[in-house]
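Subject: Structure handover

Hello,

Here is the structure I said I would pass on. My notes on it follow below.

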Amino acid sequence: MSNDPSASTDRVLLITGASSGIGAATARRAAAAGWRVVLAARSLERLQALAAELGGAQRALAVRCDVTDWQAQQHMVELAVGEFGQIDAAFANAGFGGPRGFQNDTPEHWREMVLTNVYGAALTLRAVIPALTASRGHLLLTSSVAGRRALPGSMYSCTKHAVTAMGEAARQDLHGTGIRVTLIEPGMVDTPFFENRPTSALQADDVARAVLFALSEPPHVDVNEILVRPTAQAG
Ligand SMILES: NC(=O)c1ccc[n+]([C@@H]2O[C@H](COP(=O)([O-])OP(=O)(O)OC[C@H]3O[C@@H](n4cnc5c(N)ncnc54)[C@H](OP(=O)(O)O)[C@@H]3O)[C@@H](O)[C@H]2O)c1
């Protein structure tokens, strides 16, 4: 069912990786704060269930999107603008990890990880810039503590360093457009990211609150980075 885009002027947040963990928690926090949300990931049924929970078609749009697919990313943005009329913020959050040790992961898994974490985030950035330019909006990217300090044998850490660089590169490139850029750099978070769920970790909602903090600052304040660890995390 199609919405009348003029029916609401509430701001619109697009989130990739919204079917789980940090993305889903951010969607819940944002919806509670009055944002309309566009929920993107590959697991459409989970996105649809979350969209229903967050108020249905007037408030939340579920879009199947594999972030490694440029056409899918363009389609995601077209749907979002078509249904809601605008995108005020985009959170490039989709990603996954892998085992440490350069001998311990397969080349195929590395390829998927680099394509998702780095190329996928770059495609999201590229796809949303026109809409964010129109709205003088806000771009957020999920990097990691692992994007700030190298972890031994971690290709994942390499991908997150690339995302950290992408955030600063985007900030400089978008200077003068009014678009703000925020890097979210969590330490360990208890999500399905881990096969064996960690103890003494952050909860996804802890990171969601950090995202909402950056989003709720006034337009002249650009929170460039938020690095947040669980108190129990040393490194
Ligand atoms: N958990 C941590 O300790 C931690 C710490 C620092 C940073 N991070 C980062 O936080 C982000 C979210 O992770 P999480 O902890 O919330 O893990 P999660 O619960 O496993 O969520 C990962 C999300 O990414 C989506 N995704 C994966 N591949 C995708 C693809 N090709 N296209 C579209 N969506 C894709 C997944 O959805 P589908 O499978 O449905 O596509 C899912 O919604 C990631 O970038 C991760 O690297 C996590």
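**Ligand site**

A polar side-chain atom of lysine 160 lies 2.9 Å from an oxygen atom of the ligand. This is a predicted model, in which local features need pLDDT of at least 70 and side-chain atom pairs count only at pLDDT 80 or more, while totals for chains, interfaces and linings use all residues. Residues are numbered from 1 along each chain as its sequence is written, and side-chain values use heavy atoms, with hydrogens and water left out.

The side chain of serine 19 has an N or O atom 2.7 Å from an oxygen atom of the ligand. From phenylalanine 193, a backbone N or O atom lies 3.4 Å from a ligand oxygen. The protein covers 93% of the 870 Å² of accessible area that the ligand has on its own (Shrake-Rupley method, 1.4 Å probe). In total 29 residues surround the ligand, and the closest are Ser20, Arg42, Ser43, Tyr156 and Thr191; the criterion is a residue heavy atom within 4 Å of the molecule.

Buried means under 20% relative accessible area, exposed over 50% and partly exposed in between (1.4 Å probe, protein chains only). Helices (H or I, at least four residues) and strands (E, at least two) are DSSP runs, numbered from the N terminus. Helix α5 covers residues 155-173, and its end C-alpha atoms are 27 Å apart, in agreement with the 27 Å that its 19 residues should span at 1.5 Å a residue. The expected span is 1.5 Å times one less than the number of residues.

Asparagine 117 is found in helix α4 and is buried, because its relative accessible area is 1%. Its side chain makes a polar contact with the side chain of threonine 159 at 3.1 Å, and also reaches the backbone oxygen of phenylalanine 96 at 2.9 Å. A polar contact is a pair of N or O atoms within 3.5 Å; within protein, one must be able to donate a hydrogen and the other to accept it, and residues adjacent in sequence count only if both atoms are side-chain atoms. Leaving out residues up to four places away in sequence, asparagine 117 touches residues including Tyr156, Lys160 and Val163.

The buried residues of α3 are Ala72, Gln73, Met76, Val77, Ala80, Glu83 and Phe84. They cover an arc of only 145° around the axis, so they sit on the same side of α3; the arc is that of the directions from the helix axis to the C-beta atoms. Gln71 and Glu78 are exposed on the face turned away from the buried side of α3. The buried residues of α3 pack against β1, β2 (36-41), β3 (60-64) and α4. At the N-terminal end, aspartate 69 caps α3, with a side-chain oxygen 3.0 Å from the backbone nitrogen of glutamine 71. Glycine 85 follows α3 and has a positive phi, near 85°.

Threonine 16 lies in strand β1 (residues 12-16) and counts as buried because its relative accessibility is 2%. The side chain of threonine 16 reaches the backbone nitrogen of asparagine 93 at 2.9 Å, and one of its polar atoms lies 3.1 Å from the backbone nitrogen of alanine 94.

Regards

Methods. Contact = heavy atoms within 4.5 Å.
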